[in-house]
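The sequence and model come first, then the notes by topic.

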Amino acid sequence: MAKKPGPRLSKLSVYLYIPNIIGYIRVLLNCTAFYLCFTNKILFSVLYFFSFVCDAVDGWAARKFNQVSTFGAVLDMVTDRISTACLLVVLSQVYRPGLVFLSLLALDIASHWLQMYSTFLLGKASHKDVKDSTNWLFKAYYGNRIFMAYCCVSCEVLYLILFYLAENQTEKLMDVLTINLQKISILSVLIATSLFGWAIKQVINIIQMKTAADVCVLHDIDKKHKQ
């Protein structure tokens, strides 16, 4: 006996998925945080980090309530990238050389955009599907949630600490890092721990960008051969 099809979903019902609502809350939290960033650093840090934590919550909710959606995945990634980009722009205004943070912004956006585009070219459902990669670090990053979470959290924590430590708009990045790493404190431990995860994340971004670019080039070569 043929199985009856379930009720047809409306656009509104997908927009109102629980994980997508959490995504909208993240956007509001970030907007509020950056509005307050130069007037209340502590509140900014709390709101920004809470938004970052919600990134894990919406993924859990999507799986828990069977509400995984393409729109939700895109909303999640766009929110992540814009949040980090805005924080890097802010850091570029309070530290010298500011080009360091703008370069990190460019690397982050370029690597993720290329990775998403190459995913579509390969017909994969997720940009995290890197099982066919030959790079062990790249596979370990996307294959181990704890390892990936450590690297991502390290980046955000390091950036928030740097913003908190900036006392004016002419801070020298290396001076601030050196002075605080020499101190024996919880903050110095956090900086050292997050620096390691941050460094791995930047290496992953470079690998991701190169791997995705190779996919695009091989796609072009394949198209030429078929003509």
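Phe34, Phe38, Phe44, Tyr48 and Phe163 are joined into a cluster by ring pairs, where rings of Phe, Tyr and Trp (its six-membered ring) pair if their centres lie within 6.5 Å. The model is predicted: local features need pLDDT of at least 70, side-chain atom pairs count only at pLDDT 80 or more, and totals for chains, interfaces and linings use all residues. Residues are numbered from 1 along each chain as its sequence is written, and side-chain values use heavy atoms, with hydrogens and water left out.

**Charge over a ring**
- Lysine 41 has its charged end over the ring of phenylalanine 163, 5.1 Å from the ring centre; the criterion is NZ of Lys or CZ of Arg within 6 Å of the centre and within 35 degrees of the ring normal.

**Aromatic pairs**
- The structure holds 13 aromatic pairs.
- Phenylalanine 138 and tyrosine 142 form an edge-to-face pair, 5.5 Å centre to centre with 80° between the planes (stacked is under 30 degrees, edge-to-face over 60, tilted the rest).
- Tyrosine 141 and tyrosine 142 are also paired edge-to-face, at 4.9 Å and 80°.
- Because phenylalanine 138 and tyrosine 142 are 4 residues apart in helix α6 (residues 136-143), about one helical turn separates them; helices are DSSP runs of H or I, at least four residues, numbered from the N terminus.
- Phenylalanine 138 and tyrosine 142 are both buried (under 20% relative accessible area, 1.4 Å probe, protein chains only), and tyrosine 141 is buried as well.

**Valine 46**
- Valine 46 lies in helix α3 (residues 41-64).
- Valine 46 counts as partly exposed because its relative accessibility is 49%, between the buried limit and the exposed one, over 50%.
- Valine 46 and phenylalanine 71 are 25 residues apart in sequence and 27 Å apart in space, C-alpha to C-alpha.

Definitions and conventions: Helices (H or I, at least four residues) and strands (E, at least two) are DSSP runs, numbered from the N terminus.
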